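Hi,

Here is the structure I promised to pass on. Have a look at it first, and my notes follow below.

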Amino acid sequence: MSDETPKKRSTGLSRREVLAGGTALSAALFLPKNLKAADFPTAEINTTGLAVTDDTVTIGILHSVTGTMAISETGSVQAEKLAIDQINAQGGILGRKIEYIQEDGASDWPTFAEKARKLLVNDKVASVMGCWTSASRKAVLPVFEQHNGFLYYPTFYEGLEESPNVIYTGQEATQQIIAGLDWVNQTKGAKSFYLLGSDYIWPRTSNKIARKHIENFMEGCKVVGEEYYPLGHTQFNSVINKIRLRKPDVIYAIVVGGSNVAFYKQLIAAGIDPAAEKPIVLTISVTEDEIRGIGGENIEGAYACMKYFQSLENENNLKFVEEFKKMWGDDIVIGDVTQAAYLGPWLWKAAVEKAGSFDVDKVREASPGIEMTTAPEGYVKVHENHHLWSKTRVGRAQADGQYEVVFETAELVEPDPFPEGYQ
Amino acid sequence: MFADYSWPELGAIFAMQGFAGLILFSVFVLMALGLAIIFGQMGVINMAHGEFMILGAYVTYLLSNFFADYVPALFSIYFFIAMFLAFIVSGALGLLVEWAMIRHLYKRPLDTLLATWGLSLILQQVYRSVFGAREVGVSIPDWMMGSLPLTDLVEIPINGIFVMVLAVCISLGIYYLMFRSNWGKQVRAINQNRVMAGAVGINTEWTDRLTFGIGCGVAGVAGSAFTMIGSTGPTAGQLYIVDTFLVVVFGGAASLLGTIASAFSISQAQSIMEFFLSGSMAKVLTLLVVVGILMIRPQGLFAMKLRK
C-alpha cells in the first residue's frame, strides 16, 4: 500500500513544480539533523519581534476544548502536542525547543478571533496550530492577515479559499470528493446518487461539487435527490422513506456532529443496512472518531472517502499510531483530521529550517514545495496554493470501528481550492 | 414525483411515512412530558432539561458497559433496568437541584431561566470531564435493533415501536399520578393557588421538590430511550431543548393534554413537510406556523381556565 518510491512521487506534477520540489528536496538534504541554536543568532532569525529566545520558540494552539466542537477538536490538540513533543525530542527547531500557549476557542467563533488576536499581539507566537470548523477559520482569518500570523489549519473543508497566512493541511473538497465518486461508479457500477447533508457551508459546497461531477463528468449518472437538515437534527425517518422511494444506488451522506449518530442508527433501524450495499452508503464526514459515537455495528459496511485511516499499513503510520497511543492512551482512535493536525508542526518546522528564519514572510516563501516523507498518510507536499498534495482513499467501516482501506489513488491528487467547472 | 411508482409501492411508502410521523410524535412526547410537568405546574423554566435527559443516557451507557462486562447473560434486558435507574438518578439530581437552587428563586421566575441555563453549562462540562468530550457509543441489545417487516415493502423500525410504547406508558403513568394520586391533587391545588394550598395544610415545599424531581426523572427516562436513536455526548442535550420548549409552549404551558396535542400536530406537520420539502425548509415552515399560531393564541392550544 505504501510502496512509494521517490520516482512515483513526482508523477502528476507539472514541470515547474517538479523543479520547485527538487530544490526543496536538495535544501532539505543539506540541512544537518541537529541544528545548534548558537549557529542561528536570535537577532538574525527573528527580525519581527516574535516570541523567540535563544533556546525556545513559542507557538499557539487554538482549538475548542469546551463546547460542542470539543468532540472533534480534542484529537487535533492531542496530535499537535505529540508532534511538538517529538520535534523537541529531536532537538527542536533551529536548536530551539518549541513551547506552546494553548487557548480555548470554546466552540464560539468570536472567541476564536479574540484568542487569535491575543496569541498574535500579546504572545507574539511564531505560528498557530488551530481551528477546526470553517466558521472558526473564517473568524480568525482577518486577524491573521492583519497581524501577519501564520496558521496551520487541519480540517478537510469546502475550499474556495487561499490565504497567504494559512497552510491547509487537510483536503479541500475536490480532493476528497471526486476520486471517491469515480471509484464507486467504476467498481460498484453506481449510477444514481442521493445527496444528503447538514445545512451549512461545507456539506452544501461539497454536494455542489459532487453534483457537478456526477452530472458533467460521470457518464450516465444522475442525482436523484439532494437534501439538507439543520445541524443537530435527530429525526431522519422521513428522509429515509424518501430515499427508499427514489431507490438510489448510493446515499452520499455529509451529515455531521450528533446528527450523524442519529442518522446511522435510524438508517439501520429502518432496514437499510450499509453492509448490504443496497444502496451503498458513501460518506466524507465520518472518521474513526465519529464511529465511536455511532457504534461500529451501526455503520459497518459504509464507505468513507478520506486521505487517512488509522488502519493504513505503512511504517510511518504504524509508528505514529504507536506513539499516539503511548501518549494518549490505548483506547484512543485517530481520524483523518487528527492526522492532518499532526502534520502542522512538522511542516512548519521544515519551512522554518528551509527559510533559516522564524519570520512569517520568509516561512511563507519557503512553504511551497516543502515535503514530508514521514507523514503517517504516506507522503505529502505543500502546493503553491498552500494546500497539500495528498492521496485520496476509500475505506470500508468495520464493526470494530476501524476502516479497511479498499482503494487509494495511484498518484497524489493536486489540491484545487477554486475548481473550474465546479462552481 | 410519484409518476413512476406502482400503487402498492406508494401505499407502502405512505404507511412507513405514517409510522415515521408517529415515531416523531412519541419522541416529542417523551421529550416534552418532563418539561411540561416542571414548566406547566411550577412555572419554572428549566433550561437544563436536555442535560437531565443526557444524564439518563449516560446512566444507560454505564449500565450497558457494566452488563456487557459482568452479566452478559442479562444483556438483552439491561435496557429496562437502565431506564429505571435513569429515572432514579435524574430524579435524585432534580431533587438536589430544587433544594439547592430552584426553591430560592420561585419568586423570580426569570432568574430560574438564567440559573438553570448556568446549571446546564456546568452539567455539560461535568459530563465532558467525566466521560470525555467525544460521544460515547451505547450498545443496544440486538433484539431492539433492526426492523420488523410487516409486508414485503413495509418495514417498521423496532426501536421506533419501542419509543412509541414507552411514550404511551409514561403518558399513562403521568396521567395517573397527576389526576388520580394524592400528589397530583396537591400539585394542581398549588398550581391554582399556592397560598391557599399552603393554608389548608399542603406541604408546598415538599410537593414542589417532588414535582421537580419527577419531571427530571421523566427526562432521564427519555434520555435513556433516545440512546437508541440519537447520540450521547456532553452537549447532545442541546439538540432537544428547542423542540421541547416549542412543544410545551405551543401546547399551552399548564396543560398535559395540550402538550400531547401539540406534540402530535408539530410532529405530523414536520414529518409530512419533510417528506415533500427539504429538511431545513420543513423546519422553517413548522416554526413559522407555530409562531403564527402563538401570535393569535399566546396561551397555546389548550389553556387552563382560571379566574384572574
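Let me start with helix 4 of chain B: its buried residues pack against helix 4 of chain A, along with helix 2 (49-70) and helix 3 (78-100) of chain B. Before going further, keep in mind that this is a predicted model. The buried residues in question are B:Thr112, B:Ala115, B:Thr116, B:Leu119, B:Ser120, B:Leu123, B:Gln124, B:Tyr127 and B:Arg128. Helix 4 of chain B covers residues 109-131, so 23 residues in all, and spans 32 Å from first C-alpha to last, close to the 33 Å expected at 1.5 Å a residue. Just past its end, B:Gly132 has a positive phi of about 90°.

One more residue there is worth a click. B:Gln125 belongs to helix 4 of chain B and is partly exposed, as 16 other C-beta atoms lie within 10 Å.

**Where the chains meet**

How many residues does each chain put into the contact? Chain A gives 35 residues and chain B gives 38 residues. On the chain A side, the elements that supply two or more residues are helix 4 (70-89), strand 7 (222-229), helix 9 (237-246), helix 10 (258-269) and helix 11 (288-294). Sorted by class, that side of chain A has 13 nonpolar, 15 polar and seven charged residues.

Helix 4 of chain A also has a partner within its own chain. It packs with helix 14 (residues 336-355) of chain A at an angle of about 35°, the axes being 8 Å apart, and the crossing is right-handed. From helix 4 of chain A the residues involved include A:Gly75, A:Ala79, A:Leu82 and A:Ile87, and among those they meet in helix 14 of chain A are A:Val337, A:Ala341, A:Tyr342 and A:Trp346. That helix-helix contact has 10 nonpolar, five polar and two charged residues.

Helix 10 of chain A, one of the elements at the contact with chain B, is worth a look as well. Is it buried or exposed? Of its 12 residues, 12 are buried, so the helix is largely enclosed by the rest of the structure. The buried set includes A:Asn260, A:Phe263, A:Tyr264 and A:Lys265. Helix 10 of chain A reaches 17 Å from its first C-alpha to its last, close to the expected 16 Å. Just after this helix, A:Gly271 takes a positive phi of about 90°. Further on, the peptide bond from A:Lys278 to A:Pro279 is cis, with omega near -5°; A:Pro279 sits in the loop between helix 10 and strand 9 of chain A.

**The two sheets in chain A**

One open sheet has seven strands in the order 7-6-8-9-10-14-15, with mixed pairing. Strand 7 and strand 15 (403-408) of chain A are at the edges with a single partner strand each, so one side of each has no neighbour in the sheet. Neighbouring strands are turned by 25° against each other on average, direction ignored. Helix 8 (residues 201-217) of chain A packs on this sheet and touches strand 6 (192-198), strand 7 and strand 8; its direction makes about 175° with that of strand 7 of chain A. Inside the sheet, strand 8 (residues 250-254) and strand 9 (residues 280-283) of chain A run parallel and are joined by four bridges, with A:Val250 opposite A:Ile280.

The other open sheet has five strands in the order 2-1-3-4-5, and here the pairing is parallel. Strand 2 (97-104) and strand 5 (166-168) of chain A are the edge strands, each pairing on one side only. The twist averages 25° from one strand to the next. Strand 4 (residues 151-153) and strand 5 of chain A are joined by three bridges, and A:Tyr152 has A:Ile167 as its bridge partner. Helix 5 (residues 109-122) of chain A packs on the sheet, touching strand 1 (56-63), strand 2 and strand 3 (128-130), and its direction makes about 175° with that of strand 1 of chain A.

**Backbone to check**

A:Ala106 is partly exposed, with 18 other C-beta atoms within 10 Å, whereas A:Ser107 counts as buried with 23 C-beta neighbours inside 10 Å.

Cheers

Terms used: Residues are numbered from 1 along each chain as its sequence is written. Chains are lettered from A and ligands numbered from 1 in the order in which they are written. This is a predicted model: local features need pLDDT of at least 70, side-chain atom pairs count only at pLDDT 80 or more; totals for chains, interfaces and linings use all residues. Two residues are in contact if their C-beta atoms, placed from the backbone, lie within 7 Å. Ala, Val, Leu, Ile, Met, Phe, Trp, Tyr, Cys and Pro count as nonpolar, Asp, Glu, Lys and Arg as charged, and the others, Gly among them, as polar. Axes are lines fitted to C-alpha atoms, for helices over the stretch in contact, and angles run from 0 to 180 degrees between N-to-C directions. A crossing is left-handed if the near helix is turned anticlockwise from the far one by less than a right angle, and right-handed if clockwise. Two strands pair if DSSP finds at least two bridges between them. A residue is buried if 20 or more other C-beta atoms lie within 10 Å of its own, exposed if 12 or fewer, and partly exposed in between; C-beta atoms are placed from the backbone.
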